[in-house]
Amino acid sequence: MFRDLSLGALDITATQAEQIELTLSHGFRGTDLNLVEFHQRAETHGLPYARRLYDSAKVRLSEFALPFDPAAEDSEFQQGLKQLEPLARTAAEVGCVRAVTQLSPASDERPYHENFEFYRRRYNEIGAVLAPHGISLGIAFCSAPSARADRSFEFIHGFDALALLMATVQARNVGMVVDLYDLWRSGGKVDDIRKLTPTQIVQVRVSDAPVSPARDELTTDQRQLPGSTGIIDSAAALTLLAEMGYDGPITPNPGRDGLGSISRDGFVRQVGQALDQVWKAAGLSPAGKLSPVRK
């Protein structure tokens, strides 16, 4: 496992040089890739030029956001698949072999069973494009009740239901983004992660929950720094993942709720320090392996 700084997860914007500086300055070993921007730079200036800063800094490129909506209209979706092929080739060339996407927990067009089949087909098609490049697709579910309010049909918003959808997708490179906050908010437990194999886990996102309000009233913005309240046992989750042999990114994704007008650097510093404390509490080495117990 490795500590991953995702600017997307933290809602931060930065240049490539700034992103690398934030990554190295605050104890992270990997960072996410703005694939569309990177691909355009590679097309214009060549891949060696586009990747030179990452290579020089020895920063691992962890994941990229799927650059189109899987729920788009048919013509837009097919265009997205067509454009994904060269993007996936570029991502693979720089070792970024994890794509992530968010599943909507409700629909105004399709009831549950129709939506299930709809996404099964869509994810299978996306997986088929990514597979030749050795790229896995991770699906994240959203457990927030507010995201389902005033919608015609509820859809997947929990761990087991998403695991069932994954099991029906023929493409074996389609897995899950395990978000500990959404797992907890949906009533799941850390031990649920055991239901997956390490290869089915594409990314792990860690944050804590506030003491109040009740979990069904919490918003995404109220995510806390990992380990800050202890309501979500991130350390136990990391220990479990290490025991399972998971070797992917551990990505903190707290919100800025309660942090005031903190600077970008200050925010990433706090995030890095919080993750470091959880890392140590989990008994992990800097390389993300379980450290031997000293007698």
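**Aromatic contacts and a loop glycine**

Gly-245 is located in the loop that links helix H9 (234-244) to strand E11 (249-252); helices (H or I, at least four residues) and strands (E, at least two) are DSSP runs numbered from the N terminus. The model is predicted: local features need pLDDT of at least 70, side-chain atom pairs count only at pLDDT 80 or more, and totals for chains, interfaces and linings use all residues. Residues are numbered from 1 along each chain as its sequence is written, and side-chain values use heavy atoms, with hydrogens and water left out.

Gly-245 has 44% relative accessibility and counts as partly exposed (buried means under 20% relative accessible area, exposed over 50%, partly exposed in between; 1.4 Å probe, protein chains only).

Rings of Phe, Tyr and Trp (its six-membered ring) pair if their centres lie within 6.5 Å, and planes under 30 degrees apart count as stacked, over 60 as edge-to-face and the rest as tilted. By this rule there are seven aromatic pairs. Phe-38 and Tyr-54 form a tilted pair, at 6.2 Å centre to centre and 50° between the planes. Phe-38 belongs to helix H3 (residues 35-45) and Tyr-54 to helix H4 (residues 47-57), so the pair ties together parts 16 residues apart in sequence. Phe-38 is buried, at 1% relative accessible area, as is Tyr-54, at 4%. Phe-118 and Tyr-119 form an edge-to-face pair, at 5.2 Å and 90°, and both are buried. One aromatic cluster comprises Tyr-112, Phe-118, Tyr-119, Tyr-123 and Phe-155.
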